[in-house]
Amino acid sequence: MKNRAVVALFVAALLSLPALAQQQPAASTSPDQSSQTTSSGSTATGKAPLQYESRQGFWGKVNPFARKKYVQRQTQPIRDRVNELDELTAANTKMIKDVDSRAQQGIQMASNKATEADQHAVDAGNKATTAQETATKANTRLTTVEGVVSNIDQYKATNQTEIRFRPGQSVLSQNAKTALDQMADPLKGTHGYIVEVQGFSSGKGQEAIATSRKMADAVVRYLVENHEIPVYRIYVLGMGNAPVQTTAEAGQKPKRMSGGRVEVSLLKNDLEQLASSSSTTAPAPAQ
């Protein structure tokens, strides 16, 4: 009986050893580790770092008699901390992606703004070039107008026709009408011209002047009636038997012409040239 009791006590002692080992108090931190934890501050998760257990219990590092719940209780803080780190990593990754996306959008917007600014600059340059060309044309046009205005009363002879009459007559012949037609046809719709009509007649005194004026009036009447030349553009003068310079030789003295004749001279200023240049340089209407 005594031997059985001793064996039972020995077995009970062996069974109580794992429980005593599991009931070992949590390892206390050394002063150096405590000061190191305090000085390091909080971790990335905002919590204090896990403490290392310096005391491993009765069985050392591995307790062969540890129960499942004990192991789970010891490893649960590690799993929680790992999960927190995963969540923190995922949050940081999402934040980095958001920052990168916003940065890319900002870069794209800046690029678009730069492209738009470049386009505006090109448009402004084109408009400036157009304005410069317009100003140059206007300056050239102004110079031309100033020249025309300064010479508006300067008429230059461009065409001259001589009409012959038989002695004592003032009727235009067919050849005379043809010559007047050739001179007056191009004048339709033009400006800046005058027609000078001078009559010459043989004879003396007022009789010759009257005869020469009568022939000149016949020429003027034909131009007004058949070619609608305004009267205010025609200047008539009866010269009578006044001497005229012939074109035979230079330096030859004027001599009196025999018979009746009328000199018709066409004179123009620069208004016609100005009108033609303005029609060619006028800008096309906007579409």
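Visitor: What share of the contacts in the chain with a separation of 6 or more comes from residues 24 or more positions apart?
Guide: First, a word on the model: it is predicted, so local features need pLDDT of at least 70 and side-chain atom pairs count only at pLDDT 80 or more, while totals for chains, interfaces and linings use all residues. Residues are numbered from 1 along each chain as its sequence is written, and side-chain values use heavy atoms, with hydrogens and water left out. Contact means heavy atoms within 4.5 Å. Counted that way, the share from residues 24 or more positions apart is 77%.

Visitor: In what order do the four strands form their sheet?
Guide: Two strands pair if DSSP finds at least two bridges between them. The sheet is open and its pairing is mixed, with the strands in the order 1-4-2-3.

Visitor: Which are the edge strands?
Guide: An edge strand here pairs on one side only.

Visitor: What does the twist average from one strand to the next?
Guide: Axes are lines fitted to C-alpha atoms, for helices over the stretch in contact, and angles run from 0 to 180 degrees between N-to-C directions. From one strand to the next, the average is 15°.

Visitor: What angle does the direction of helix 4 make with that of strand 1?
Guide: Helix 4 (residues 174-184) packs on the sheet and touches strand 1 and strand 4 (260-268). Its direction and that of strand 1 make an angle of about 165°.

Visitor: And which strands does helix 5 touch?
Guide: Helix 5 (residues 205-227) also packs on the sheet, its direction making about 160° with that of strand 3. The strands in touch with helix 5 are strand 1, strand 2, strand 3 and strand 4.

Visitor: Do strand 2 and strand 4 run parallel or antiparallel?
Guide: Strands of a sheet pair through backbone hydrogen bonds, in either sense. Strand 2 (residues 193-200) pairs with strand 3 in the parallel sense over five bridges, and Gly 199 has Gly 238 as its bridge partner there. With strand 4 there are eight bridges, and Gln 198 stands opposite Glu 263. The sense of this second pairing is antiparallel.

Visitor: Which residue in strand 4 stands opposite Thr 161?
Guide: Strand 1 and strand 4 run antiparallel and are joined by nine bridges. Opposite Thr 161 stands Val 264.

Visitor: How many of the nine residues of strand 4 are buried?
Guide: Buried means under 20% relative accessible area, exposed over 50% and partly exposed in between (1.4 Å probe, protein chains only). Of the 287 residues of the chain, 19% count as buried. Strand 4 is largely enclosed by the rest of the structure, because the number of its residues that are buried is eight.

Visitor: Is Ile 163 buried or exposed?
Guide: Ile 163 is found in strand 1. Its contacts, leaving aside neighbours within four places in sequence, include Leu 172, Ala 176, Leu 180 and Val 262. With a relative accessibility of 1%, Ile 163 counts as buried.

Visitor: How far apart are the C-alpha atoms of Ile 209 and Gly 240?
Guide: Ile 209 is found in helix 5 and counts as partly exposed at 34% relative accessibility. Beyond its neighbours within four places in sequence, Ile 209 is in contact with Gly 238 and Gly 240. Although Ile 209 and Gly 240 are 31 residues apart along the chain, their C-alpha separation is 3.7 Å.

Visitor: What is the phi of Glu 228?
Guide: Most residues other than glycine have a negative phi. Glu 228 sits in the loop between helix 5 and strand 3 and is exposed, at 70% relative accessibility. Glu 228 is not a glycine, yet its phi is positive, at about 55°.

Visitor: Which residue lies over the face of Tyr 193?
Guide: A charge sits over a ring if NZ of Lys or CZ of Arg is within 6 Å of the ring centre and within 35 degrees of the ring normal. At 4.7 Å from the ring centre of Tyr 193 lies Arg 233.

Conventions:
Helices (H or I, at least four residues) and strands (E, at least two) are DSSP runs, numbered from the N terminus.
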